[in-house]
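Please work through the exercises below with the sequence and the model open. Each task is followed by a solution in steps.

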Amino acid sequence: MNYEISDIVDATKINFKLFHELMAKKVTAILLVSSLYDACIMEEDGRLSERITSEYRGLNLSQPPRIYWVSSAEEALEALDSKTFDLVITMPRLADMDAFALGKKIKHKMPTIPIILMSHRALVPTQAKLAHESDPGSRFSWRENKKVPAQAELVHESDPQQVREAGIDRIFTWSGDADILFALIKSVEDRLNVVNDTEIAGVRVILFVEDSPIYASVLLPILYRAIVSQVQKIMIEGLNEEHRLLTMRARPKILYATDFEEAQRLFSQFEPYILGVISDVCFPHHSQLDADAGITLLSQIKRERFDIPLLLTSSEASNREKAAKIPASFIDKNSPSLISEVQSFFIEKLGFGDFVFFMPDGQEIDRASNFREFEKVLSDIPDESINLHWRRNDFSRWLFARSEIRLATNWRPLTAEDFGQQMEIMKRYLIETLSIRRQLRQKGIVVSFDADDFALETDFFKIGNGSLGGKARGLAFARTMLQRYSDIHLNYDNVRIFVPQTLVITTEGFDSFITKNNLQYLAKTDISDAEVAAICIDADFPQWITDRLRVYLTQIKYPLAVRSSGLLEDAQFRAYAGLYSTYMLPNNHPDLEQRLEQLIMAVKLVYASTFFNDPKAFSRRVGHRSDDEKMAIIIQQTVGQRQGDYFYPAIGGVAQSVNYYPFGKMKPEEGIVAIALGLGKMVVEGEKTLRFSPRYPQLLPQMARVDDVLKNSQQYFYALKMDTSYASLESDEVATLAKRSITDAQDEPALKLLSSTYIPEEHRIRDTVSRPGHRVITFAQVLKYDLMPLPKLLSEILEMAQKSMACPVEMEFSVNFPVPGDNPEDEQPEFAILQVRPMTALEELMTVDINPVEIDKAICYSDQALGNTDREDISDILYVKPDAFDPAYTRNMAEEIRSLNAEFAQNGHKYVLAGPGRWGSADRWLGIPVKWADISGIGAIIETYSDKLKAESSQGSHFFHNITTLGINYITVPPHGESYLDWERITNFPKVRETTYLVHARNLYPFKIKVDGRKSECVILA
């Protein structure tokens, strides 16, 4: 056989979009019909909804269904008329109608809805049943007591057709274990989806034949628990949560039959997809009980498909010999180790365990637990063993069990003849297909870091088995998104779109560090950030992490960003954005140990920031315990270009899919972007940046006139220092950064690309650097002349991310323009996604209407307000005295606010904070540089205007994100338009305390604060 690498790649490709189409039909709503007595009994055994939810969560499955209970057949029929249900479960004893009559009525109205009869009481055998197995009570009709109508006695569960004609699809027994509910729900879902899932993805099928409700109620939960747990064990190590759920969707389905004809029909229909068959011995055949029906069925299957694993189950041990003659495996239903024996069948026969290589004489010669091990040992396996397993289809079965359907389907039909009977060629084909498949599979996947097998082509590694944390989960999501929506790479084939290579130290590393040094007390102690940092720096670092980081640094030579990834970070409604530390490292010292030492120092300091005052204050505000937080660490490639002694990207930015402050023809859903030259620290800390709508990138009100451009354009930028002196990280997270002047760097390539020139004699700005003059950062080449299609690209990625997250999103990114070199592909502009997180959804919990009278009477009106509220629980206001405000003293103001806030926090009172400029900005000339801990007691915040500074709103900063995610009303009062703040009335409120720059005033009655989230309107009434 001749084969090309392209053929191998095609054989190994897997389209994860197909996985999204699997299990499309779900049981989301169940109607439970029972008497109050029966319902109470089931509640005593265990609350149904809670138990089902617990089962789903324990097995990492998707959303569990809801259960609706009614107590009579009449109520059931009314419920079915008014609501949509996917499954009906009825008890045999109903007050107004027996279960079978109810089933018929329901089937008459809704022929396709599954109806299951379940009883949790002892059942009385009838003489109508001919018992063929040792347990005479194992088969019986459904007669609980003499009050059951006679027709129920005539329905014989040994005749499934008669059961179905009576309006019941399946019969089960309730023993107080929610496992049976989980199993029957999954059984119904498998039936609903099997045709579609086998046709589009070749999903495998396990056929299960059992006519006894007692044994079916025991065995079916065991089978589902075994299959789910085994699938979880063999799923790709380090698979992110989304792919884990997708892979679970491709698990083999279990089709449950109760008689010979049904089993035969299912086998014929799904024969190409059958992974295994599990059958009882005695069940109906031609409407009569057949003591050897299972023997006949399995023997027939063995003749048709020699390679399908078979399992015979029976309560009579004597049937073991009959099973051996088929041949088939055998399990005694009465075995005390029934569960473990079923699991062994899955592992040893169905391919869910290690692949064990045997010689033809049965001698084990090697085994492999995963693809990498399989690939490694394959070259040393004797030809006789390869030929044996190939002929028995063992290889493809092992792949099918791992949901590697595309590759298994490609392998299965091949024979030794296809390779000219040359085992060496066959072996090489296996190795190459596995290698390429493994590499393709790792694209967009989190791979466990293996010090002995560190492959640079891997995009995303992790160290440890704990959680990735919120920020790293966002990065994993971004990789998955770019892989799934791969057309974006074709649409922008002149731009390299990617997530930088990432290594994550999971929360297991944090736990190890904290436990090793007994640092748990830091979560509760009240000491300064500097003291916390010093304690963590002096602590011992886990050796197992050190060893892996040393191996990592032997091959990684590019600059690194060491970032936090807390469990609570970047959550949708309680995001801890920007509260933890980030360190940028040059990673260029010639001594490996020096680089390792600085990296470990950075990791320790990020760990320390978990216990800093800002995160603790935020936790108290949102009701979280500080000791619940755990920290993972992201070690990520820094995107950019080296320029002399510095390294930085051309553009760092933040993009949001919702624009909270649209104006002109902008719409909120079109999003907003803030960009700056250099590292994105300028943007996330609220310093001077350029904001634009990606839909209207040339609509720039902050640059409407030449004077505006000169005043508002960026004067400084952040860059990473690349000298090897290695500044100590102990003092500050900016120790390795330089805040450089635009003028000092005007001859560097990035500035030339993004600058325009101010011509004083013309009082004009020219979008060129070919003329002498003062350089100003306008990004004109990007926003006006399409140096790269950044606005359009941002719009598409924001739309893509919002659709994937099902909520508004925020994204941090970098753009780099590589210096031209020998390879044209290396000259492509680079767009790197550094972080994706949910934004706070604009929830409208109530309708808030603001009328003209309220606007006229208000002490504050704004048409740029965030939130949705109608509250009257705040009487205090803390405001910056307008006549005392001076941008030179904003740090002093922040200190006064911190002191007063501590008093509010101590007595539990909320307050309104009002003052000019950009709150939380790191640039004191743009606003008051408060941190979250300084204002943790606020209930609402007002951003006012002062002619002593000019700053745009805080939108896009970490500070702003945390304010909005807490539901704190953020009210902006711009200098122009309809908005206003009545300073005359505010300054006449009774003063509680006055400082140099601030006044704490208290109204006699609580303020009425109304914010209409639909119109972004706010009034504050006093």
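The model is predicted: local features need pLDDT of at least 70, side-chain atom pairs count only at pLDDT 80 or more, and totals for chains, interfaces and linings use all residues. Residues are numbered from 1 along each chain as its sequence is written, and side-chain values use heavy atoms, with hydrogens and water left out.

**Exercise 1. The chain as a whole**

Determine how many helices and strands the protein chain has, and what percentage of its residues count as buried.

Step 1. Helices (H or I, at least four residues) and strands (E, at least two) are taken as DSSP runs, numbered from the N terminus. The protein chain has 36 helices and 43 strands.

Step 2. Buried means under 20% relative accessible area, exposed over 50%, and partly exposed in between, with a 1.4 Å probe and protein chains only. By this criterion, 59% of the 1022 residues of the protein chain are buried.

Step 3. Contact means heavy atoms within 4.5 Å. Among contacts between residues at least 6 apart in sequence, 73% join residues at least 24 apart.

**Exercise 2. The nonpolar cores**

Identify which residues touch the most other members of the largest nonpolar core.

Step 1. A nonpolar core is a set of buried Ala, Val, Leu, Ile, Met, Phe, Trp, Tyr and Cys residues joined through side-chain atoms within 4.5 Å.

Step 2. The largest such core has 74 residues, of which Leu184 and Phe346 touch the most other members. Helix α10 (residues 213-234) gives the most to this core, with 10 residues.

Step 3. Beyond its neighbours within four places in sequence, Leu184 is in contact with Leu87, Ile89, Ile116, Met118 and Phe172. Another core, of 60 residues, lies apart from the largest one and includes Ile634, Tyr648, Ala655 and Val809.

**Exercise 3. Two helix pairs**

Describe how α12 packs with α13, and how α5 packs with α6.

Step 1. Axes are lines fitted to C-alpha atoms, for helices over the stretch in contact, and angles run from 0 to 180 degrees between N-to-C directions. Helix α12 (residues 260-270) and helix α13 (residues 293-304) pack at an angle of about 15°, with their axes 11 Å apart.

Step 2. Angles under 35 degrees count as roughly parallel, over 145 as roughly antiparallel, 65 to 115 as roughly perpendicular and the rest as oblique. The helices α12 and α13 are therefore roughly parallel to each other.

Step 3. Phe260, Ala263, Gln264 and Phe267 in α12 meet Ala293, Thr296, Leu297, Gln300, Ile301 and Glu304 in α13. By class, this contact has six nonpolar, three polar and one charged residues. Here Ala, Val, Leu, Ile, Met, Phe, Trp, Tyr, Cys and Pro count as nonpolar, Asp, Glu, Lys and Arg as charged, and the others, Gly among them, as polar.

Step 4. For helix α5 (residues 73-82) and helix α6 (residues 99-109), the angle is about 15° and the axes are 11 Å apart. That makes α5 roughly parallel to α6.

Step 5. Ala73, Ala76, Leu77, Leu80 and Asp81 in α5 meet Leu102, Lys105, Ile106 and Lys109 in α6. The contact of α5 with α6 divides into six nonpolar, no polar and three charged residues.

**Exercise 4. Ser385 and Val992**

Decide whether serine 385 is buried or exposed, and state which residues valine 992 touches.

Step 1. Serine 385 is placed in helix α17 (residues 383-391). Its relative accessible area is 0%, so serine 385 is buried.

Step 2. Serine 385 and phenylalanine 358 are 27 residues apart in sequence and 5.9 Å apart in space, C-alpha to C-alpha.

Step 3. Valine 992 is placed in strand β41 (residues 991-994). With a relative accessible area of 44%, valine 992 is partly exposed.

Step 4. Residues up to four places away in sequence being left out, valine 992 touches His1000, Ala1001 and Arg1002.

**Exercise 5. Backbone features**

Locate the loops that hold proline 327, asparagine 393 and phenylalanine 779.

Step 1. Proline 327 is in the loop between α14 (319-325) and β12 (329-332). The peptide bond from isoleucine 326 to proline 327 is cis, with omega near 0°.

Step 2. Asparagine 393 is in the loop between α17 and α18 (394-401). Although it is not a glycine, asparagine 393 has a positive phi of about 60°.

Step 3. Phenylalanine 779 lies in the loop between β31 (774-777) and α31 (780-783). Phenylalanine 779 is not a glycine, yet has a positive phi of about 60°. With a relative accessible area of 1%, phenylalanine 779 is buried.
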